[in-house]
Amino acid sequence: MDSRQIRIALTGNPNSGKTTIFNHLTGTRQKVGNWPGVTVEKKEGDIEKFGCQLKIVDLPGTYSLTPFSIEEIVARDYILEDRPDVVIDIIDASNLERSLYLANQLRELDCKVIFALNMADLARSRGYKIDGEKLSELLGVPVVFTVGNKKEGLDELLKTAVEYAESGTGIPESRKVRYSKDIEKAISEVREELESRIGPDFPYNRRWTAVKLLEDDTIIKQRLEKLLGTDSAQVLEKAQQLRDKLADLFHEEPEIVMTDERYGFIAGILKEVVTTSSRRRVDISRNIDLVLTNRFLGFPIFIFFIWAMFQITFTVGAYPMAWLDAGISALSSGVDALLPPGVFESFLLEGVIAGVGSVIIFLPNIVLLFFCIALFEDTGYMARAAFLMDRIMHLIGLHGKSFIPMLMGFGCNVPAIMATRALESRKDRILTVLITPFMSCSARLPVYIVLAGTFFAAYAGTVIFLLYLSGVVVAIVTGRLFRVILLKGEDAPFVMELPPYRLPMLKSLLIHMWDRSKMFLKKMGGVILVGSIIIWVLSAYPKAIDYSVDYGARMDQVHAEYAEKIASAPAAEARKLEEERTARIADLRRAKRIEHAEKSYLGRIGRFVSPVFEPIGMDWRGSVAILTGFVAKEVVVSTMGVLYAAEGDAESDALHRALRNSGMTSLAALSMMVFVLLYLPCLATVAVINRETGTRWMILSVVYTTAIAWLAAFFIYQGGRLLMA
Amino acid sequence: MGNIHTHERRQFEKLFDQEEIDCLQQRLAILDAFLQTEQHVTADELTDILKKQGQGFEKPFVEETLELMRRYGFAQKNRFENGQARYEHRHLGDHHDHMICTKCNRIIEFEDSRLENLQQEIARSYGFHMLQHRMEIYGICDRCLKDRMKKMPLTAAKIGERVVIRELTGGSSSRLRLMSMGLRVNDELEVITNYGQGQMVVAAGNQRYVLGRGLARKIIVEPYSQASPSGSKDSAP
């Protein structure tokens, strides 16, 4: 069989159903990566069909190929530089006019384009009838009708793509957009100037390059400078002259005139291929929007949805959490039973299983939260939420869109920071990345549950809610501050299309949910595993510890003492004595463990850094717990488990009791919770911040969050002490 | 027409004589030919006309004479779109003052004897000998003003109001962006939400858009009811 590889790029307007088609074409065989050099998600999928290896690349959804945003640059660059064999343009048939704008830009680029007229059923119900054959004939492009969400026409689409890729034909010159006389003249003049200076290996279509130069496309100008060196000067100068001339002639920038003319060309085509019946259905989406974005109703409904989301996340999530917890316990006892006691067993139980286990139980919460967020996104509600939040976000000087990553931050900061990619302005992105870690992620919740549960028993719920709220307030204040000092806003003109409301499809919901949950799992597999092992090593070593008491001898002593007593005592009393003995032994064991922890490397580090944490009310154990929380904030709880209770698992009453007995005050507990809320994001988040914004911003984020956390905790602890005194 | 031209010719003769300008006779021939044209001519075209009448003048000489006439207010020079200078003679005898609309370029002629007398008086008080004068008031005519009052930024439209986009102002990149997203001049919009501050939502066809206030302010619209699809678009000359 022929195993030729064909590269197919999918492009189209946002909301044209491109992602649905991509999901159906590639299913689960998707690879999510990055476009080189920029932080725009790149999705690829390899499939085998018609005896060919098809590599399908999902380009970012764009309205045009004019480089306004990173997405447009990425999409255009891929087509220009990587030269896919076929480009499939997914066209929203119910919005043909606008879709054809991008489609015509693709045609001008001289690549092999196929039009997928998607959602043709919707177009029909709206009273448009499209003559696909005529369209194909007029534009010289294969046209396939598809209904993405019903999987209709997808096989034919791929078949056409393969055939088209293997045929030698492109778009005939005569079918391309013709501009008015003066512009055409200018194009050919630039083209001549260009052709006199370039070799046969010039990578771009010449006419297209000339058009772009007349449009003053900065990226193409730069490319030309790179390709031609000093020769480019004359070409650019010529283009500039002609631009000025055209601007004088039309009283308008040439790019605007050309856009108008492209639409003119499109209008001509529409006249030929579309018949509109007078039947017009009520636009349901519009009516829903009248309610959901209503001045008075919009916000309460929004709050309700968010409330429902958290309810589902935490109440429904509690069940699988319990199962996972049970599973982990079973696993540890299984390992305990199977393996002989020793370093390896201890490593596996206390290092790997305890460390990763304490984190993995949050998976249900996170999966559910991301499921809800995917639901918001796929139904189209998220865009409305962003609109509703816009006014609040403006307090920080951000657009409503920044709210989406912040909302995700309640689940896990890692995918949240990745989600800032949807923001167009780089400054907005950085600002959002800097404030997102203040959204209290689900990893911080167990810390609150343990501490608030122990010290504020009856008011634990309120305390936790206030903590979440404080995070949001700190985020807003920080945003405001950074906006004024560091990231002075260029208030970019903002326009966003509201996607139509759609019934979500389970498959795409699951794919969305899984994409993000995967990031959480990856973090667990990598960072947290390594971190847990390091903590275990630090707390287990050095093995040879110079104990203040010879515990072994003490235990022997106790054994001997009781053996004597039990032997001489009557049967009824013997049982009681036996219990007493066990308790004393356990006490000794615990004391030994605590001393071990204190004298381990971890304990030494804790003692070393504890002066820093003393003013905020934490002893060396708290300090160590906080330090280890850098690996992942969940780890704070398990470290406390090791350092305070030393027996039983972290969630148990033992820890509560031990904490109360440790001399920790409720004020210190509050101070610690606030510190955990605010201090530096976990290792995985830091790594993501570094990747998304660069080292300087990452360092700023680490230093700033920690400083704020310390100051806030300091004021709470010292202020509280003053008040109580 | 004839006597107006004679009047102008006489004035010209008198003036050029006073100013001791050379080649008076040739220049008067050019003046005659110029006065007979009734539209804008370029120096080239006038040279051709003169050549057809059997009077061969060099183009630079014709150009110089036209410039002289312009300097003394007999001709008006216009540079139209292609940048070529065209000349038009001014009817000095048949005097009117003008109001010129900068929007639609309509010219309204008016005459007021009080104004004329006042000008004479002022010139006299300065000891100034007035040969002629030109009075042009630039502004916006009543028709355009009426159109303009209907126009408003999109931000001023109320919830539920249907409007038509009349103009996209602002930089070319934000205009291009709106255009490529499908918001163009003459498109019909319905305002879905407008809280009086912050972003607003509009519907265009089956699409809905969120617009930042800054951008919405740059979209000039007109209420739908009065507007025909391309009704009062600027009618450039």
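How many helices and strands make up the secondary structure of chain B?

## Chain B in outline

The secondary structure of chain B consists of eight helices and eleven strands. The model described here is predicted. Chain B has 237 residues, and 27% of them count as buried. Among the contacts in chain B with a separation of 6 or more, 52% are between residues 24 or more positions apart.

Strand E9 of chain B covers residues 200–204. Four of its five residues are buried, so the strand is mostly covered; a residue counts as buried if 20 or more other C-beta atoms lie within 10 Å of its own.

On one side of the pairing scheme is strand E8 (residues 188–194) of chain B, which pairs with E9(B) in the antiparallel sense over four bridges. Within this pairing, Glu190(B) has Ala203(B) in E9(B) as its bridge partner. The hairpin of E8(B) and E9(B) has five residues between the strands, and Gly196(B) takes a positive phi near 85 degrees there.

E9(B) also pairs with strand E10 (residues 207–211) of chain B, again in the antiparallel sense, over five bridges. Here Ala204(B) stands opposite Gln207(B) in E10(B). The hairpin of E9(B) and E10(B) has two residues between the strands. In that hairpin, Gly205(B) takes a positive phi near 60 degrees.

## Where the chains meet

What does E10(B) pair with in chain A? E10(B) pairs with E10(A) in the antiparallel sense, over four bridges. One residue pair in this arrangement is Met496(A) and its bridge partner in E10(B), Val210(B). E10(B) therefore has strand pairings with both E9(B) and E10(A), given that two strands pair if DSSP finds at least two bridges between them.

Taken over both chains, 35 residues of chain A are in contact with 30 residues of chain B. On the side of chain A that touches chain B, the elements giving two or more residues are helices H3 (96–108), H10 (232–250), H11 (254–273), H12 (284–292) and H16 (381–393), together with strand E10 (495–498). The residues on that side of chain A divide into 14 charged, 13 nonpolar and eight polar.

## Confidence in chain A

The pLDDT of chain A averages 82, and 94% of its residues score at least 70. Confidence in chain A is highest in helix H31 (residues 695–724), at 91. The lowest confidence is in strand E2 (residues 30–34) of chain A, at a mean of 64.

Terms used: Residues are numbered from 1 along each chain as its sequence is written. Chains are lettered from A and ligands numbered from 1 in the order in which they are written. This is a predicted model: local features need pLDDT of at least 70, side-chain atom pairs count only at pLDDT 80 or more; totals for chains, interfaces and linings use all residues. A residue is buried if 20 or more other C-beta atoms lie within 10 Å of its own, exposed if 12 or fewer, and partly exposed in between; C-beta atoms are placed from the backbone. pLDDT is the predictor's confidence in each residue, from 0 to 100. Two residues are in contact if their C-beta atoms, placed from the backbone, lie within 7 Å. Ala, Val, Leu, Ile, Met, Phe, Trp, Tyr, Cys and Pro count as nonpolar, Asp, Glu, Lys and Arg as charged, and the others, Gly among them, as polar.
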